[in-house]
Amino acid sequence: MTMAAAKPRVEWVDYAKGICIILVVMMHTTLGVEKAAGSVSTLNGFIEWARPFRMPDFFLISGLFLSSRIAKPWRGYADSKVVHFAYFYLLWMTIQFLTKSWGYYQAGGSAALTREFALGLIEPFGTLWFIYLLAIFFLVVKLTRQVPPVLMFALGAALEMARVETGWIVIDEFASRFVYFYGGYWLAQYIFAFADAVGQRHPATILAGLFIWGVGNGLLVHGGWSHTPGLSLVMGFAGACAVVSTGVLLSKFHLAGFLRYCGENSIVIYLAFFLFMAGSRALLLRSPLADQLSLVAIIGTLLGVIVPLVLFWLTRDTALRFLFRRPQWARLSPKPPGWHSATHVQPQAQ
């Protein structure tokens, strides 16, 4: 949560989140375009290349700053780490549900509408499973604070390697992702030390390391090894280190400021990109660009990233600011010192 009195942001973290959110939007957009067109685009290879580390890094970054907040009293912690996400999940689940409600009604009438909405309370709706799981992860880490961290990490690693497939998103994604979130929390000091060490390296050395990792990651994905239990865990953390290194390199030279801004507002993008993804896809696939699936996906990705940011800025001082700013009635705690009207959704607070 951004506050007037907040400490300076860690730039490489914002760059890393910016990389992750753009990869996430690109993945959803590309797969959606391919499904609608009934054909695979040339961009699909890149999407698969990023799969081993795309979400692992997002969850790892999400847990980075938890160690400084884990000792907060339960009321304040629950407000900022559980109720915070519950509010935005319920709000944007409702918005997503409304965009699909006519289809549900046509398929099964009022009973289908009620069933689908109720299901969304226990089974994350659409693209919002990340928000849903963050609330659960923050709660689980707080509840297990007295459990030896090495045991929790080992349990998370075992769950990731178990390849749990129940068909329920919460259970399956919890098993696959918890180790990365917990790793970000427990190993935060080592991750920051790694980032500092990378920052001391010559840029050419960093680029060489990223090139070697990128080729190795690609070969493992192409060879079908990226889903191998144990190896997928290593690839997830290795990819996360590569994204951290890229963030450090970009922040070192203050390059790609827009990427940093996307990271600073990553959840704004995550919440709203679906609004523009489907619509832009439908229009582009009816345009002269329809045969250029990769171009359609790239344009859709840009719209999915940029338009939510525009929406955020257009609504920030209006009655619609509740879309990205949690109102006072949805809080367990009073406004913290330094809170001001620019406070908005930013789960990975610094």
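**A helix contact and its surroundings**

Guide: The crossing of H1 and H12 is right-handed. Everything said here refers to a predicted model. Helix H1 covers residues 11-37 and helix H12 covers residues 266-284. Two numbers describe a packed pair of helices: the angle between the axes and the distance between them. For H1 and H12 the angle is about 20° and the axes are 10 Å apart. An angle under 35 degrees counts as roughly parallel, and H1 and H12 are therefore roughly parallel to each other.

Which residues of H1 and H12 meet? On the H1 side they are Lys17, Ile21, Val24, Val25, His28, Thr29, Gly32, Val33 and Ala36. On the H12 side they are Ser266, Ile269, Tyr270, Phe273, Met277 and Arg281. By residue class, the contact of H1 with H12 is made of nine nonpolar, four polar and two charged residues. An α-helix has 3.6 residues a turn, so residues three or four places apart point the same way.

Lys17, one of the H1 residues in this contact, leads on to another helix. Arg260 belongs to helix H11. Leaving aside residues up to four places away in sequence, Arg260 touches Glu11, Asp14 and Tyr15. With a relative accessibility of 26%, Arg260 counts as partly exposed.

Helix H11 spans 257-264, and the loop between H10 and H11 holds His254. His254 is not a glycine, yet its phi is positive, at about 50°. Its relative accessible area is 57%, so His254 is exposed. The loop between H10 and H11 also contains Ala256. Ala256 is likewise not a glycine and has a positive phi of about 50°. At 41% relative accessibility, Ala256 counts as partly exposed.

Helix H10 (residues 231-252) packs with helix H8 (residues 188-199) at an angle of about 50°, and the two axes are 9 Å apart. That angle makes H8 oblique to H10. The crossing of H8 and H10 is right-handed. From H8, Phe194, Ala195, Val198 and Gly199 take part, and they meet Cys241, Val244, Ser245, Val248 and Lys252 in H10. The residues of the contact of H8 with H10 comprise six nonpolar, two polar and one charged.

Aromatic side chains are the next topic. Across the whole structure, a search finds 35 aromatic pairs. In the pair of Trp49 and Phe53, the ring centres are 5.4 Å apart and the planes stand at 85°, so the pair is edge-to-face. Trp49, at 24% relative accessibility, counts as partly exposed, whereas Phe53, at 3%, counts as buried. Another edge-to-face pair is formed by Tyr182 and Tyr185, with 5.3 Å from centre to centre and 75° between the planes. Tyr182 and Tyr185 are three residues apart in helix H7 (residues 169-186), a separation of about one helical turn. Are these two tyrosines, Tyr182 and Tyr185, buried or exposed? Tyr182 is buried, and Tyr185 is buried too.

Burial is also the point of interest in helix H3, which covers residues 54-62. Nine of its nine residues are buried, so H3 is largely enclosed by the rest of the structure. These buried residues are Arg54, Met55, Pro56, Asp57, Phe58, Phe59, Leu60, Ile61 and Ser62. Phe58, which lies in H3, has a relative accessible area of 0% and is buried. Between the C-alpha atoms of Phe58 and Gln292 the separation is 30 Å, with the two residues 234 apart along the chain.

Methods: Residues are numbered from 1 along each chain as its sequence is written. This is a predicted model: local features need pLDDT of at least 70, side-chain atom pairs count only at pLDDT 80 or more; totals for chains, interfaces and linings use all residues. Side-chain values use heavy atoms; hydrogens and water are left out. Axes are lines fitted to C-alpha atoms, for helices over the stretch in contact, and angles run from 0 to 180 degrees between N-to-C directions. Helices (H or I, at least four residues) and strands (E, at least two) are DSSP runs, numbered from the N terminus. Angles under 35 degrees count as roughly parallel, over 145 as roughly antiparallel, 65 to 115 as roughly perpendicular and the rest as oblique. A crossing is left-handed if the near helix is turned anticlockwise from the far one by less than a right angle, and right-handed if clockwise. Contact means heavy atoms within 4.5 Å. Ala, Val, Leu, Ile, Met, Phe, Trp, Tyr, Cys and Pro count as nonpolar, Asp, Glu, Lys and Arg as charged, and the others, Gly among them, as polar. Rings of Phe, Tyr and Trp (its six-membered ring) pair if their centres lie within 6.5 Å; planes under 30 degrees apart count as stacked, over 60 as edge-to-face and the rest as tilted. Buried means under 20% relative accessible area, exposed over 50%, partly exposed in between (1.4 Å probe, protein chains only).
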